[in-house]
Amino acid sequence: MASLDLKPGIVTGNALCELLDFCKSEQCALPAVNVIGSHTANAAIEAARQAKAPIIVQYSQGGGQFNAGKFLDNSKQAASIAGTIAGAHHVRAIAEAYGVPVVLHTDHCARKLLPWIDGVLEAGEAYYAMTGAPLYSSHMLDLSEDALAENLETCAKYLERMASIEMTLEIELGVTGGEEDGVDNDDIDNSKLYTQPADVLAAYDKLSPIGSFTVAASFGNTHGVYAPGNVKLTPAILKHSQAHIRAERDTEEKPVHFVFHGGSGSSRDEIREAVSYGVVKMNIDTDTQWAFLSPIKKYMDEKDAYLKSQLGNPDGADKPNKKHIDPRAWLHLGEKGIVARLVQAFEDLGTGGKFGG
Ligand SMILES: [Zn+2]
């Protein structure tokens with residue numbers, strides 16, 4: 001088995017390229033967890049510690065805004081930029097304390113949100129000038145609503161800028177169904193929900209001379225968990241894309257690192273099949289939102305009689321409820337719910353024993 005020398009802390013540059021290659025050759029993938037602040041980030045990192053594997057922690061534009069506080073005006077992305085930068089500094093400090101290698105990433109950035117990534121990239125360049133490492137390991141641009149040429153043209157420009165500070169770019173080809181972060185793709189034309197191998201080849205030709213990149217492809221995956229509908233998960237699209245590039249450009253067997261968006265609600269068999277075709281990252285958001293809420297709701301239901309006022313409960317009219325009210329009592333239950341869900345995700349993604357655990 002190939003071995004990997006990964007240090008605790010943020011994984012960037014060559015170390016990230018080696019990690020993605022390792023996952024591809026070992027046929028495992030890392031969960032990429034959407035976080036919205038310190039509680040969710042800590043829970044994600046604790047899950048990685050328990051699973052003895054690296055993890056990808058990601059802020060969306062909305063997650064970054066939430067981290068700054070929804071009180072701030074965000075008309076020019078100022079709140080999202082500040083919150084995304086602050087989130088990175090928190091994760092940087094905590095990852096080392098937990099002894100976990102963490103890939104720091106930002107999620108979907110549509111064209112109208114580019115000012116958000118511009119602001120975070122500026123901070124990343126300043127951080128690189130100061131420390132020799134970028135603030136974030138990677139960013140994602142989701143320009144899949146544009147025509148392919150326009151999508152790739154903009155991605156190439158950003159990759160040039162990002163490669164110079166040793167960052168990786170994630171792009172999107174085809175449209176992931178469902179709704180995330182307020183962007184609803186539920187009414188999109190069905191054919192756009194499946195990425196074409198020729199499009200992946202075009203991305204490969206355009207971006208591989210510039211730097212390191214990954215491709216979020218659409219193979220019937222959706223954001224969120226829905227009852228089985230008219231979109232069918234078809235991971236073979238990934239296999240066909242790898243084979244197409246290999247045939248056309250005489251590359252290695254799996255030239256592309258793929259990303260699986262909308263992993264929530266997928267079965268282990270579906271996940272493992274996608275991973276065998278070169279998926280190295282799977283996004284999980286909806287399932288961890290549910291895992292965070294469930295134990296907190298149970299607590300609120302069970303402790304209901306102790307949460308009606310600051311004083312007075314079934315044990316006596318003057319008994320204090322302070323220890324039941326304390327947010328630490330119930331927020332930590334939510335954190336533990338996230339940890340348990342993510343430990344399962346690591347198993348689904350086949351990381352067991354691959355990273356020395
Ligand atoms: Zn996504």
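## Exercises on helix packing

**Exercise 1.** Find which residues of H10 meet which residues of H12, then describe how the two helices pack.

*Solution.* Start with the contacts: from H10, Asp287, Thr288, Ala291, Phe292, Leu293, Ser294, Pro295, Ile296 and Tyr299 meet Trp330, Leu333, Gly334, Lys336, Gly337, Ile338, Ala340, Arg341 and Leu342 of H12. Contact here is C-beta atoms, placed from the backbone, within 7 Å. Helices are DSSP runs (H or I, at least four residues) and strands are E runs of at least two, numbered from the N terminus. Next, the packing: helix H10 (residues 286-302) and helix H12 (residues 327-348) pack at an angle of about 140°, with axes 7 Å apart. That makes H10 oblique to H12 (under 35 degrees is roughly parallel, over 145 roughly antiparallel, 65 to 115 roughly perpendicular, the rest oblique).

A word on the model: it is predicted, with local features needing pLDDT of at least 70 and side-chain atom pairs 80 or more, while totals for chains, interfaces and linings use all residues. Residues are numbered from 1 along each chain as its sequence is written.

**Exercise 2.** Work out which residues of H6 are buried and what they pack against.

*Solution.* First, the buried residues are Asn151, Leu152, Cys155, Tyr158, Leu159 and Met162 (buried: 20 or more other C-beta atoms, placed from the backbone, within 10 Å of its own; exposed: 12 or fewer; partly exposed: in between). On the other side of H6, Ala149, Glu150 and Lys157 are exposed. Finally, the buried residues pack against strand E5 (138-141), strand E6 (168-173), helix H7 (197-207) and strand E9 (213-217).

Terms used:
Two residues are in contact if their C-beta atoms, placed from the backbone, lie within 7 Å. Axes are lines fitted to C-alpha atoms, for helices over the stretch in contact, and angles run from 0 to 180 degrees between N-to-C directions.
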